[in-house]
Each structure stands twice: as C-alpha cells, then as structure tokens.
Amino acid sequence: ITEERKSTGWTFSDGYYDATQGMAVASDSDIKGFDDMKGKKVAVKNGTMSNQYAESIKDKYGFEVITFSTSPDMYQAVMGGQVDACFDDTPILKYNIKIGELDMKFVEGTETEPAQYGFAIFDANKQELVDKFNAGLKNIQENGKYEEILAKYLG
C-alpha cells in the first residue's frame, strides 16, 4: 500500500500484514550480510518492492542486480549458482525455506523497514469487494484466527 499506487487509481483494503524485503542465499553460501556482496550478482523479480530495495542499495554494497520474470526462475538461479543471492518478501522466503521448497537460507539483518500489504482493486465499482474483505479481516483479527494463521505459516 503506497501513496504512489493510490494516486494512480488503486483502492486498497485495510492493511493485513507488515512485510519486509530480505535476502536469501544458497544453503552452502558463505555470505553472511551485505558486506559480503561486493562483486556479487543478486536476483530480483521485475517490478517488485524487492527490486526497488536491491536497486536502492546496490551501489553502496557493490553488487549487480539481475531481474527475472518469476520467483521460481529467480530461486533456481540462486540454487543453481548463476547468481549469489536473491531479494524477495521476507515471509515468502522464510516460509518456502521452512517447508523445504528452497535449498536456501535467509540472511538475517538484511530486511527493509516494514511496508503494509493490502488487497487492491482498480475499479471503483468494486468497492463492495474491498468492504467485504475489510469486514472479514476485522473478524479474523478479533476472533484470533489471524494470529493462528500467522503462527502456522510464519512461525
């Protein structure tokens, strides 16, 4: 949820999650943080918050940003050794690593400041859908189901 996106016509629900962007590397990598990234290649998915994050710090840490169209392609590039790391939504990386989908490890301390995520529409005639989403979100937050879901998937 950003003011820029709102100004271009998107209508957002109430925020449902404060997510960060972070970095993951192959499970056998010796990269421990940004200071180890000089001369390395970093995969990002085109047009994402992770892409913006990587671009914003690449010069400071001396790495090259390589864009991919899909997350699976990006992850395969890391695990296959074509790139040294990838940036993505922290909860997505951590969950996929946790369940064994990715032979990677998350590099702690590489996260951005949290950004609020929400459901979005681009058609003002669909406001009822956003209103129903907000009502459902409020309901599961009040009855404890929201915290139960977070605990199940994100630990």
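In this protein, residues 24 or more positions apart account for 67% of the contacts with a separation of 6 or more, a contact being a pair with heavy atoms within 4.5 Å. The structure is a predicted model, in which local features need pLDDT of at least 70 and side-chain atom pairs count only at pLDDT 80 or more, while totals for chains, interfaces and linings use all residues. Residues are numbered from 1 along each chain as its sequence is written, and side-chain values use heavy atoms, with hydrogens and water left out.

The protein contains 6 helices and 9 strands, where helices (H or I, at least four residues) and strands (E, at least two) are DSSP runs numbered from the N terminus. Taken along the principal axes, the box filled by the C-alpha atoms is roughly 50 × 35 × 25 Å. Of the 155 residues, 35% count as buried; buried means under 20% relative accessible area, exposed over 50%, and partly exposed in between, with a 1.4 Å probe and protein chains only. The protein exposes about 9200 Å², of which carbon and sulfur atoms supply 47%, the areas coming from the Shrake-Rupley method with a 1.4 Å probe and, for residues, only the protein chains shown counting as cover.

Turning to charge, the protein carries 17 positive and 26 negative side chains, and the centres of the two sets lie 1 Å apart. Lys and Arg count here as positive and Asp and Glu as negative, whereas His and the chain ends are not counted; the place of each charge is taken as NZ of Lys, CZ of Arg, CG of Asp or CD of Glu.

Some of these charges are paired, and the count comes to 6 salt bridges, each being a side-chain nitrogen of Lys or Arg within 4 Å of a carboxyl oxygen of Asp or Glu. One of them joins Glu 55 to Lys 58, with the closest N and O atoms 2.9 Å apart, and both residues lie in helix α2, 3 residues apart, which is about one turn of the helix. Glu 55 is partly exposed because its relative accessible area is 36%, and Lys 58, at 25% relative accessibility, likewise counts as partly exposed.

Helix α2 (residues 49–61) also holds Asp 59, which is exposed because its relative accessible area is 69%. The C-alpha atom of Asp 59 is separated by 11 Å from that of Phe 34, a residue 25 positions away along the chain.

In helix α6 (residues 145–154), Lys 145 and Glu 148 are 3 residues apart, about one turn of the helix, and their side chains form a salt bridge of 3.0 Å, N to O. Lys 145 counts as partly exposed because its relative accessibility is 38%, and Glu 148 is also partly exposed, at 46%.

Asp 28, Asp 30, Asp 35, Asp 36 and Asp 103 form a negative surface patch; patches are made of residues with over 30% relative accessible area and no salt bridge, like charges being joined within 9 Å and nonpolar side chains (Val, Leu, Ile, Met, Phe, Trp, Tyr) within 5 Å.
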